[in-house]
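Colleague: Hi! Could you walk me through this one? I'm new to it.

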Amino acid sequence: MHKIIFSSLLLLNSLCFAQQNTEINDVLEKWHKAAADANFEAYFGLMTEDAIFIGTDPTENWAYPDFKAFAKPYFDKGKAWSFSTLERNIFSENKANTAWFDELLDTQMGICRGSGVLQKISGSWKIKHYVLSIAIPNENVKEITALKSTFDTDLMKKLRSGKD
């Protein structure tokens with residue numbers, strides 16, 4: 001009898017976890033679609049009001065209001081950005097209000113990697129933190145490092161001088 005109860009609870013737990021991951025996946029798909037459709041309200045409505053968006057440029061570490069201001073002109077032109085999911089992994093603890101994920105995306109920049117954290121607020125999942133990076137094959141790192149050397153050196157000097 002104990003085995004039946006335990007197995008039933010384990011199955012129920014797995015179903016709840018699968019449902020949670022489906023909800024999270026749906027939020028991420030809606031978020032990417034809202035950008036592709038240039039739907040400003042839907043896009044930012046799927047983020048927490050204290051969200052952080054870290055872009056591909058090392059200077060892009062946007063707090064929610066700053067990211068909205070940066071993105072608004074793109075959305076207003078009717079063309080923000082279009083990312084489609086190639087692969088996604090979602091992680092969470094069952095019945096937790098926090099989840100995290102990583103994804104590979106097909107973008108206008110080629111393959112990019114996204115990763116982030118979602119928080120469940122009032123029964124709905126919202127993106128709290130998102131990091132977008134351009135995926136560079138290991139065999140191209142030396143070439144890319146050379147291309148960005150001057151920019152990196154200048155930015156590192158600026159950042160280090162600000163800490164003194």
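Modeller: Happy to! Ala-38 counts as buried, because its relative accessibility is 15% (buried means under 20% relative accessible area, exposed over 50% and partly exposed in between, with a 1.4 Å probe and protein chains only). This is a predicted model, where local features need pLDDT of at least 70 and side-chain atom pairs count only at pLDDT 80 or more, while totals for chains, interfaces and linings use all residues. Residues are numbered from 1 along each chain as its sequence is written, and side-chain values use heavy atoms, leaving out hydrogens and water.

Colleague: Where is Ala-38 found?

Modeller: Ala-38 is in the loop between α1 (2-36) and α2 (40-45). Helices (H or I, at least four residues) and strands (E, at least two) are DSSP runs, numbered from the N terminus. Ala-38 has a positive phi, near 55°, and is not a glycine.

Colleague: And Ser-122, buried or exposed?

Modeller: Exposed, because its relative accessibility is 78%. Ser-122 sits in the loop between β5 (110-121) and β6, and its phi is positive too, about 50°. Most residues other than glycine have a negative phi.

Colleague: Switching topic: what is the strand order in the sheet?

Modeller: The open sheet has six strands in the order β2-β1-β6-β5-β4-β3, with mixed pairing (two strands pair if DSSP finds at least two bridges between them). At its edges are β2 (61-63) and β3 (84-92), each pairing on one side only.

Colleague: How many bridges join β1 to β6?

Modeller: Four, and β1 (residues 47-54) runs parallel to β6 (residues 124-134). Phe-53 stands opposite Tyr-130 in β6.
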